[in-house]
Amino acid sequence: MPRPEVMARIPVDDEYFLFRSCVASNKYPGMESSTKEVFERIGVGLRESDDQTCCAGFITFTSVAEVTATMPAVARNLSIPDQAGLNTVTMCNGCYTFLTEFGHFLQHNPPIMGKVNEMLSMVGREYTGESQVLHMIDVLPKLQDRIAEQIVRPLKGIRFATHYGCHYLYGFKKDAIDDPFTPTVVEDLIEVAGGTPVDYPEARTCCGSGLTQVVIHKEDLSLPHMKAKFDSLKEADVDAIVVVCPYCLTILDRGQAKMVDRGIAQHEVPVLYITQLLGLAMGMDPVKLGLGANVTSAKKFLDKLERLDRSRATAQAARGGVPRSPQSPASSPSGETTGDGGEAANA
Amino acid sequence: MSKVETKRLRRELYPELRELTFGFVSDLEKCMQCGKCVGACPAAAVTAYNSRRMIHDIKSGNLQDVIESEELWSCFFCSTCYASCPKDINFPFTVAMLRYASLYAGYGAEYVKKIIPYAQDYYARGLTVLQPEKNPLVIARRKANSGTSGEMGDIREKMGMPRERTVSDEALAEVQFISDVSGMTKLMKRMLDRRDAAPKTRERLENVDTVKTREGKFAGFPEEQENA
Ligand code: SF4
Ligand code: SF4
């Protein structure tokens with residue numbers, strides 16, 4: 001259950017600063033395209049900037065860049081929304097952690113903040129800490145009603161498991177939107193999209209990667225974790241996994257291929273980012289959703305959706321009604337049509 | 001470690017550890033050794049890693065043992081220990097900072113060398129994770145799933161996105177400037193030089209100058225500071 005006191009703190013703005021993620025941009029671009037489209041459909045602006053760089057969290061927590069170098073880098077990135085007077089929405093647990101923790105650290109250590117700003121002033125920037133850093137799943141629950149209005153293709157009967165990842169709920173056990181061990185925010189959003197949230201025993205188990213599976217840890221340490229997780233998912237009979245972090249997406253998506261390749265297990269469950277799920281239920285074109293960038297095939301899942309569409313259309317036709325199909329364009333607040341349809345989904 | 005050294009470390013634990021960890025020491029003195037963190041820890045499930053014992057070692061003045069240990073590099077940074085800890089000790093931050101201390105003392109280079117290219121990409125392009133994909137398995141599957149060549153530029157284009165995400169030249173110049181003045185560029189060079197150099201010179205923690213002298217400063221390696 002989302003915590004009321006945290007919910008009350010989350011600002012609902014007309015426009016946010018979208019903090020882009022390297023992994024999303026360069027490995028899973030559907031995260032970005034779906035986020036932009038979902039926000040456009042519900043009439044909330046997102047501003048981006050090419051001046052924003054990587055949050056630098058990855059190289060910091062893998063010990064190749066010292067905090068003394070990456071703290072000013074965090075402050076530099078945050079000076080962009082600061083200056084624009086916008087609050088920041090992050091798509092990634094890692095960006096969220098890094099920006100939030102270091103932001104707090106700077107604000108509570110005035111001498112270091114002074115030094116950092118001294119450095120920033122040399123490039124004409126200033127970090128004030130005024131921009132609030134928010135996680136995607138801080139903001140989406142606040143916009144739940146507007147999201148519900150845009151659902152034209154309810155994902156009825158489709159079974160979704162969740163993987164929240166560690167670095168948001170565990171790392172912010174007191175400030176996160178939900179309880180670290182029994183969260184339901186994503187399940188709530190799955191229900192808004194018409195899907196069925198499914199519980200499974202290893203739901204809160206770490207994927208085994210942390211930040212460094214690919215580089216520091218040996219596979220024989222991390223793959224067993226992943227296998228236990230997927231075995232338990234299989235028993236729960238799910239159609240897809242919903243994540244809220246590009247790193248979780250990467251590890252769970254590619255990990256399955258790795259396990260198949262190493263002959264450890266045969267799992268093929270597509271992994272979706274939360275806005276990809278919402279985008280699907282809003283009738284977004286699957287090509288634009290970017291599921292093709294996934295390593296684990298989403299074909300079975302998309303086929304099931306198509307069957308669902310067909311049976312819905314037949315039922316509608318039988319009733320003689322005009323189907324409210326995904327093709328009917330959703331209208332944006334300005335009155336223009338933004339829907340570009342689900343042609344591919346229905347083709 | 002001699003008794004005297006141990007005593008000294010114990011007396012100076014906090015100043016020293018604070019220095020090592022840039023203030024991220026996470027209130028280790030509050031630890032009541034309950035072991036809840038170990039019960040929840042995925043690293044402890046598959047290795048000899050034990051956060052409770054590491055905290056005990058640090059508090060008893062055996063910082064050196066921790067810095068030298070291979071276990072220091074087993075943490076997954078999942079924060080489950082923090083979520084479970086009744087005393088709210090954020091241990092992974094301490095681990096992250098102790099790893100720097102370990103590197104300064106000449107250990108652990110083998111665990112970071114594969115990450116160096118990511119830092120180089122960050123410096124050169126402003127992004128840590130870039131498009132090129134080395135793993136043929138990934139490209140082959142992406143090709144099948146996306147109906148493109150499997151290359152990211154093509155996938156993005158098919159999705160109606162620009163082929164590449166761009167970072168402005170100004171941003172790049174700023175990031176490089178920050179990296180240069182904060183010592184990150186030097187650190188990277190140093191790590192690159194050291195990458196294949198073996199055997200490493202291992203030094204006692206107390207003798208590592210950076211550890212003692214860098215508090216409040218933007219760090220560099222001792223010899224570089226001397227030359228500066
Ligand atoms: S759970 Fe907390 S108090 Fe208990 S041993 Fe671990 S760090 Fe110490
Ligand atoms: S953050 Fe590290 S020490 Fe803590 S539970 Fe995870 S692996 Fe264990």
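In this predicted model, the shell around ligand 2 comprises 10 nonpolar and two polar residues, with no charged residue among them. The residues that surround ligand 2 are Cys41(B), Pro42(B), Ala43(B), Tyr49(B), Cys75(B), Phe76(B), Phe77(B), Cys78(B), Ser79(B), Thr80(B), Cys81(B) and Pro92(B). Two elements of chain B, helix H4 (42-46) and helix H7 (80-84), each give two or more residues to this shell.

The shell around ligand 1 is also formed by residues of chain B, namely Cys31(B), Met32(B), Gln33(B), Cys34(B), Gly35(B), Lys36(B), Cys37(B), Arg52(B), Ile55(B), Cys85(B), Pro86(B) and Ile89(B). By class, eight of the residues around ligand 1 are nonpolar, two are polar and two are charged. At least two residues of the shell around ligand 1 are supplied by each of helix H3 (36-40) and helix H5 (51-59) of chain B.

A packed pair of helices was also examined in chain B. The packing of two helices is described by the angle between their axes and the distance between the axes. For helix H10 (residues 116-125) of chain B and helix H13 (residues 169-182) of chain B, the angle is about 130 degrees and the axes are 7 Å apart. Angles of 65 to 115 degrees count as roughly perpendicular and those over 145 as roughly antiparallel; H10(B) and H13(B) are therefore oblique to each other. On the side of H10(B), the contact involves Tyr122(B), Tyr123(B), Ala124(B) and Arg125(B), which meet Leu172(B), Val175(B), Gln176(B), Ser179(B) and Asp180(B) in H13(B). The residues of this contact between H10(B) and H13(B) comprise five nonpolar, two polar and two charged.

Conventions
Residues numbered from 1 in each chain as written. Chains lettered and ligands numbered in written order. Predicted model: local features only at pLDDT ≥ 70, side-chain atom pairs only at ≥ 80, totals over all residues. Heavy atoms only, no water. Near = heavy atom within 4 Å. Helix = DSSP H or I, 4+ residues; strand = E, 2+ residues; numbered from the N terminus. Nonpolar A, V, L, I, M, F, W, Y, C, P; charged D, E, K, R; others polar. Axes fitted to C-alpha atoms, helices over the stretch in contact; angles between N-to-C directions. Parallel < 35°, antiparallel > 145°, perpendicular 65-115°, else oblique. Contact = heavy atoms within 4.5 Å.
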